[in-house]
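Subject: Structure handover

Hello,

Please find the structure below. My notes on what was found in it follow.

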Amino acid sequence: MKALLIARRELSAYLRTLSGYVIIAVILALNGLFFNAYALGGASKRSAEVLSQFFYYSSGFTIVASVFISMRLLAEERQTGTLPLLYSSPLRDRDIVLGKFLAGLAFLALYVACTVYMPLLVMVNGKVSFGHVAAGYLGLLLLGSASLAVGTFGSALARNQLLAAITSAVMLVALILCWLLARITEQPLADVFSAMSLWNQHFPPFQVGLIHVRDVVYYLVVTYVALFAATRVLEARRWR
């Protein structure tokens with residue numbers, strides 16, 4: 001319950017400030033440009049192929065949006081000196097982390113919801129499977145949740161929002177590039193790095209309309225581990 005109260009307060013702060021809307025507007029515009037230029041452009045394509053490419057490009061922009069949304073979650077409290085006020089409140093560290101994460105996730109879901117017009121454009125000119133759309137958007141939300149959780153961890157580590165964005169981006173790029181390590185290492189490390197890959201191993205099934213339990217579990221585990229790490233960072237800082 002306390003986490004939900006924090007989430008509501010944090011989400012209200014996002015909705016009252018211009019920066020949140022600017023983030024959504026800019027990334028949504030870029031997403032639309034890529035959709036028009038690469039997914040819709042070129043030779044004639046089947047609707048399923050266009051939809052798959054839409055989710056391909058949207059996944060990248062969802063990760064970028066996660067970095068910018070999460071960078072203020074905890075780093076802003078430290079930057080403005082209000083973190084001691086949170087520590088002096090009766091809130092537990094896990095409530096603080098979870099509440100701020102849920103607020104960020106709700107704001108990210110708002111961005112994802114704003115992209116619905118693109119599949120609708122595909123639907124106007126062709127046949128679109130509802131299952132394909134549902135699977136793709138589930139994948140975007142799970143990928144966004146994992147990326148936002150990693151960003152929350154980066155925000156807990158950093159002294160300011162810029163460092164939080166850089167730290168989060170580095171960690172996410174490292175997770176994304178695990179598939180490269182899988183290609184140059186031998187077994188069993190190759191399987192480990194492949195399984196750790198944030199995008200290459202786990203998102204493509206969602207992109208083509210398939211839902212695998214292992215991919216859902218992976219994103220949920222990454223989300224949990226990152227939030228657990230962020231909580232431990234707050235606890236360690238509280239007792240310094």
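Glutamate 10 has a relative accessible area of 4% and is therefore buried (buried means under 20% relative accessible area, exposed over 50%, partly exposed in between, with a 1.4 Å probe and protein chains only). The model is predicted: local features need pLDDT of at least 70, side-chain atom pairs count only at pLDDT 80 or more, and totals for chains, interfaces and linings use all residues. Residues are numbered from 1 along each chain as its sequence is written, and side-chain values use heavy atoms, with hydrogens and water left out.

Salt bridges

Glutamate 10 forms a salt bridge with arginine 72, with 2.9 Å between the closest N and O atoms (a salt bridge is a side-chain nitrogen of Lys or Arg within 4 Å of a carboxyl oxygen of Asp or Glu). This pair links distant parts of the chain, 62 residues apart: glutamate 10 lies in helix 1 (residues 2-16), arginine 72 in the loop between helix 3 (47-70) and helix 4 (75-80). Helices (H or I, at least four residues) and strands (E, at least two) are DSSP runs, numbered from the N terminus. Arginine 72 is also buried, at 12% relative accessibility. A salt bridge joins arginine 72 to glutamate 76 as well, at 2.7 Å between the closest N and O atoms; glutamate 76 is partly exposed at 23%.

The structure holds nine salt bridges. Another of them pairs aspartate 215 with arginine 214 at 3.9 Å, N to O. Salt bridges that share partners join Arg9, Glu10, Arg72, Glu76, Glu77 and Lys100 into one network. Arginine 214 is exposed, with a relative accessible area of 52%, whereas aspartate 215 is buried at 0%. Aspartate 215 sits in helix 13 (residues 213-238). Apart from neighbours within four places in sequence, aspartate 215 is in contact (heavy atoms within 4.5 Å) with Gln201, His202, Pro205 and Phe206.

Overall fold

The protein has 13 helices and zero strands. For 240 residues, a compact globule would have a radius of gyration near 18 Å, and the 19 Å found here agrees (taken over C-alpha atoms; the globule rule is 2.2 Å times the number of residues to the power 0.38). Along the principal axes, the C-alpha atoms fill a box of roughly 60 × 50 × 30 Å. Of the 240 residues, 45% count as buried.

The unreviewed UniProt entry annotates "transmembrane region" at residues 21-42, 54-75, 96-118, 130-150, 162-182 and 216-234. Over residues 130-150 the chain is 100% helix, with the end C-alpha atoms 30 Å apart. Residues 216-234 are likewise 100% helix, with 28 Å between the end C-alpha atoms.

Helix 2 and the nonpolar patch

A nonpolar surface patch of about 910 Å² includes Leu15, Val26, Phe34 and Leu110. Patches are made of residues with over 30% relative accessible area and no salt bridge: like charges are joined within 9 Å, nonpolar side chains (Val, Leu, Ile, Met, Phe, Trp, Tyr) within 5 Å. Helix 2 (residues 18-39) supplies the largest share of the nonpolar patch, eight residues. Valine 26 in helix 2 is partly exposed at 43% relative accessibility. Glycine 32, also found in helix 2, is buried at 13%. Leaving aside neighbours within four places in sequence, glycine 32 is in contact with Tyr117 and Met118.

A cis peptide bond

The peptide bond from glutamine 187 to proline 188 is cis, with omega near 0°. Most peptide bonds are trans. Proline 188 lies in the loop between helix 10 (178-184) and helix 11 (189-196).

Regards

Conventions
Accessible areas come from the Shrake-Rupley method with a 1.4 Å probe; for residues, only the protein chains shown count as cover. UniProt positions are given in the numbering used here, feature names are shortened, and annotations may be inferred rather than shown by experiment.
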